[in-house]
Amino acid sequence: MKPDRARVRAFFAARAAHWDRRFPDDGPRYTAAVAELAPPEGGAVLDAGCGTGRALPALRSAVGPRGTVLGIDLTPEMLEQASRAGRHGSGHLAVADVARLPLRSASLDAVFAAGLISHLPDPGANLRELARVVRPGGRLALFHPVGRAALAARKGRTITADDLRAEPNLRELLARSGWRMLCYEDRDDRFLTLAARLPTGPEGPRPARGGG
């Protein structure tokens, strides 16, 4: 079933209070993924779908005190838990939808997105919106602290060929949405794809030509 905003918000609202306790060991994986995203010191970075803000301290450390860290999420209850955990001190938190970001075009150096893509109602359009707010050459990290096979097994499912996060499917989706895949990793203990923002033409991001 294709996700919609109301269903996604309800799912996470019901789990927000216990979210961090359910996944207490994920912190180092977030830190490692942020290190590979490598946002520039003094730069501006967005944690899209930040949840309880587990990536925010690492993002703040990466950009330093002069940088800008933004955390947005569709679910107010998740942002409340981020504040209770003290992570609001690492970045500015706001309720916002990745379909309509309240940001200027080309205003960011990087976007970190943990567990986001599987919950997007319109992944192509939403990735294009993320591309809009990132400068040409800026980077995107699509991350999950568990790989596809391990996550499917946890939920009692199997991976199918049409899985959005399968390498060929994701590469094509990113290329159509203003991004060039830089690397792809899918192992039991994490999923990480890095992509670079394509050059901007008169009508927005130019589609990629050929492979990545």
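Helix 5 is followed by Gly86, which has a positive phi near 80°. The model is a predicted one, in which local features require pLDDT of at least 70 and side-chain atom pairs count only at pLDDT 80 or more, whereas totals for chains, interfaces and linings use all residues. Residues are numbered from 1 along each chain as its sequence is written, and side-chain values use heavy atoms, with hydrogens and water left out.

Helices (H or I, at least four residues) and strands (E, at least two) are DSSP runs numbered from the N terminus. An α-helix has 3.6 residues a turn, so residues three or four places apart point the same way.

Helix 6 (residues 123–132) and helix 8 (residues 167–176) pack with their axes 9 Å apart, at an angle of about 55°. Axes are lines fitted to C-alpha atoms, for helices over the stretch in contact, and angles run from 0 to 180 degrees between N-to-C directions. The two helices are therefore oblique to each other (angles under 35 degrees count as roughly parallel, over 145 as roughly antiparallel, 65 to 115 as roughly perpendicular and the rest as oblique). Pro123, Gly124, Leu127 and Arg128 of helix 6 meet Leu173, Leu174 and Arg176 of helix 8. By class, this contact has four nonpolar, one polar and two charged residues, with Ala, Val, Leu, Ile, Met, Phe, Trp, Tyr, Cys and Pro counted as nonpolar, Asp, Glu, Lys and Arg as charged, and the others, Gly among them, as polar.

The axes of helix 3 and helix 4 (residues 56–63) come within 9 Å and cross at roughly 35°. Here Thr31, Val34 and Leu37 in helix 3 meet Ala58, Leu59 and Ala62 in helix 4. This contact has five nonpolar, one polar and no charged residues.

Most residues other than glycine have a negative phi. Ala38, in the loop between helix 3 (27–37) and strand 1 (44–48), has a positive phi of about 55°. Ala38 counts as partly exposed, at 49% relative accessibility (between the buried limit and exposed, over 50%). Ala106 also has a positive phi of about 55° and is placed in the loop between strand 3 and strand 4 (108–114). At 42% relative accessibility, Ala106 counts as partly exposed.

Conventions
Contact = heavy atoms within 4.5 Å. Buried < 20%, exposed > 50% of the residue type's maximum accessible area, 1.4 Å probe, protein only.
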